[in-house]
Amino acid sequence: MARQPESRVMTPKTTVRVRFSPAPTGYLHVGGARSALFNWLYARHSSGTMILRIEDTDADRSRPELITAIHDSLRWLGIDWDEEYRQSDRFDQYRDAAQSFLDKGLAYRCDCSQEASKARADARGGKPGYDGYCRDRDVQQGEGVVVRFRTPDEGVTAWDDLIRGRVEFQNSELEDFVIVRSSGVPMFHVANAYDDLDMGITHVVRGEDLVNTTPRVLLLRTALGATDQPIFAHLPLIVNEKRQKLSKRRDDVSVGDYMAKGFLSEAMRNYLLTLGWSAKDDAEILPIEEFINQFELSDINQAPAFFDIKKLEHFNSEYIRALSVEEFTERSLPFAGNIDHDLYGRLAQFVQGRIKRLDEIPSLLEWVVGQPPEPSEKDWRKVMEKDGVSEVLDLVIERLANSEWTAPALEKLVFGVGEELGTKTQLPVRLALTGVRFGLPLFEPMAELDREVVTERLRTARARL
RNA sequence: GCCCCCAUCGUUCAGUGGCCUAGGACACUGCCCUUUCACGGCAGGAACACGGGUUCGAAUCCCGUUGGGGGUACCA
């Protein structure tokens, strides 16, 4: 057969298969979402397969209902997948694998209690880890017995990380780790190595917090009979303001929280993308297709990135403003609070350009649908305690009685008073009416209120002068 | 402690030996626009952690120091 030209070299022989493997022990958080996203981007970029694999080997910690929540969060972000597996469905295969290790002498049973091995470690002089006490004790199956993998005493386990370059571990540093719990349930290392091999995973894209487990997984993979390695890409961590790995405990980071705070999923996804990777020409906000097109794992940075909500908000406001008024109205309605839908439909266009997050909407509308907040001392002094304000209010109140009740007419009325009196009139009217000195354009919402309500509010303010 | 990783403006990304008197974005400050706020426009301050090499030449390569982080479970 004739040899193909360059394309033969350029095209990988195997199609890309990647997986996102969350443990259902909590809601999807931004770190996990970013891992999922980078896997997905690479799968779509290379026309490969995106696999969702639920790593629920720890029955005590896993909560089945969280799987649905993870699905929802991924879907919200627009991340889809082609195959899905659940490790709890595959226990038998992992158990068989572990048994084969036992049969081949690659693993052994151990009946040391955790207290006992810790006591020995302390006696050894603080060097933690299991010491291989049971390696040749021929322990039999029984209560409290685990299976440990026999790690090599010498040599090096290494891989060429797409993001970090070559990473090496001395095998002598590796302890004989547990692969089957005393309950008989295999540990995640086994499941992970087995599945990556069995599912033909070509690229392992995951957080840097997993690098230390890579040698174990690699050793297990070899024990399973593999002669190759997947390509690893260990993503830099997303950190909080103290530069620590984001944690569900101390940081408010679940994807659902951001949904509830009024972030658009496209903005969230786009922002997450820019943490550790960037498109050509300094472009930060692009259609997802363009990102997919340009995405390469090897272009990802090595340094941890801070999750900056300010920047996320900027992205969000950009995406909000890019929406058509119709789409904005529809998508923001659930955040608008207790307001007549038709009324909101008329006012949404004024809201759209003024918010960074959808959850800011109710406060913007407060004076339209309910009572305005009490003006602050400072605002009152600055706006109302000036010469001519009482004349302005008097005149506006007077003319309101007979004015046509439309936005243009009201604008003309208020500005007309200003021209006659040689002063600016919007601010005092705004403060009297809305309670604050910033917000929506004044006249359109004003025309939505009843004449009596508007007049009453202005009178109240006038009385306070 | 031990193992592993990381190090460019406050933040984030760019920069892969000369194009860098280091660029973009967010944030911040000032001005303009505007009879609110926001948007928009213009301008500004702001960084290659330190010390050694290598080289004609280093933000870019090597070594060390310092600093930060991750891991060190019968969690994943």
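1. Glu168 and Arg166 form a salt bridge, with their closest N and O atoms 3.2 Å apart. The term salt bridge denotes a side-chain nitrogen of Lys or Arg within 4 Å of a carboxyl oxygen of Asp or Glu. The structure is a predicted model, in which local features need pLDDT of at least 70, side-chain atom pairs count only at pLDDT 80 or more, and totals for chains, interfaces and linings use all residues. Residues are numbered from 1 along each chain as its sequence is written, chains are lettered from A and ligands numbered from 1 in the order in which they are written, and side-chain values use heavy atoms, with hydrogens and water left out.

2. How many salt bridges does a search of the whole structure find? The search finds 33. One group of residues, namely Arg19, Arg53, Glu55, Arg90, Asp195, Asp196 and Asp198, is linked in a network of salt bridges.

3. Another salt bridge joins the side chains of Asp82 and Arg44, at 3.2 Å from N to O. This pair links distant parts of the chain, 38 residues apart: Asp82 lies in the loop between helix H3 (65–76) and strand S3 (83–86), and Arg44 lies in helix H2. Helices (H or I, at least four residues) and strands (E, at least two) are DSSP runs, numbered from the N terminus. Asp82 counts as partly exposed because its relative accessibility is 43%; Arg44, at 23%, also counts as partly exposed. The cut-offs are under 20% relative accessible area for buried and over 50% for exposed, with partly exposed in between (1.4 Å probe, protein chains only).

4. An α-helix has 3.6 residues a turn, so residues three or four places apart point the same way. Arg95 is partly exposed at 37% relative accessibility, whereas Asp92 is exposed at 54%.

5. The largest pocket has a volume of about 1200 Å³. Among its 38 lining residues, Ser21, Pro22, Ala23, Asp209 and Leu210 are the closest to its centre. On a 1 Å grid over the protein atoms alone, a pocket is an open set of points with protein on both sides within 12 Å along at least five of seven lines, where a cavity is a set of points where a 1.4 Å probe fits but cannot get out; lining residues have an atom within 4 Å of a point. Grid points are joined across faces, edges and corners, and the volume is the space filled by probe spheres set on the points.

6. Which elements give two or more residues to the lining of the largest pocket? They are strand S1 (17–20), helix H2 (30–45), helix H6 (188–198) and strand S9 (203–207). H2 supplies the largest share, 5 residues. By class, the lining has 14 nonpolar, 14 polar and 10 charged residues. Here Ala, Val, Leu, Ile, Met, Phe, Trp, Tyr, Cys and Pro count as nonpolar, Asp, Glu, Lys and Arg as charged, and the others, Gly among them, as polar.

7. The largest nonpolar core has 100 residues, of which Phe38, Leu41, Phe307 and Phe328 touch the most other members. H2 gives the most to this core, with 9 residues. A second, separate core of 22 residues includes Leu102, Leu174, Ile179 and Leu219. A nonpolar core is a set of buried Ala, Val, Leu, Ile, Met, Phe, Trp, Tyr and Cys residues joined through side-chain atoms within 4.5 Å.

8. Helix H7 (residues 214–223) is mostly covered, with 8 of its 10 residues buried. Arg221 belongs to this helix and counts as buried because its relative accessibility is 6%. Leaving aside residues up to four places away in sequence, Arg221 touches Ala193, Asp196, Leu197, Ala226, Asp228, Gln229 and Pro230; contact means heavy atoms within 4.5 Å. Just after H7, Gly225 takes a positive phi of about 105°.

9. Ser47 lies in the loop between H2 and strand S2 (49–54) and is exposed, with a relative accessible area of 63%. Asp282 is placed in the loop between helix H9 (265–273) and helix H10 (288–294), and is exposed at 74%.
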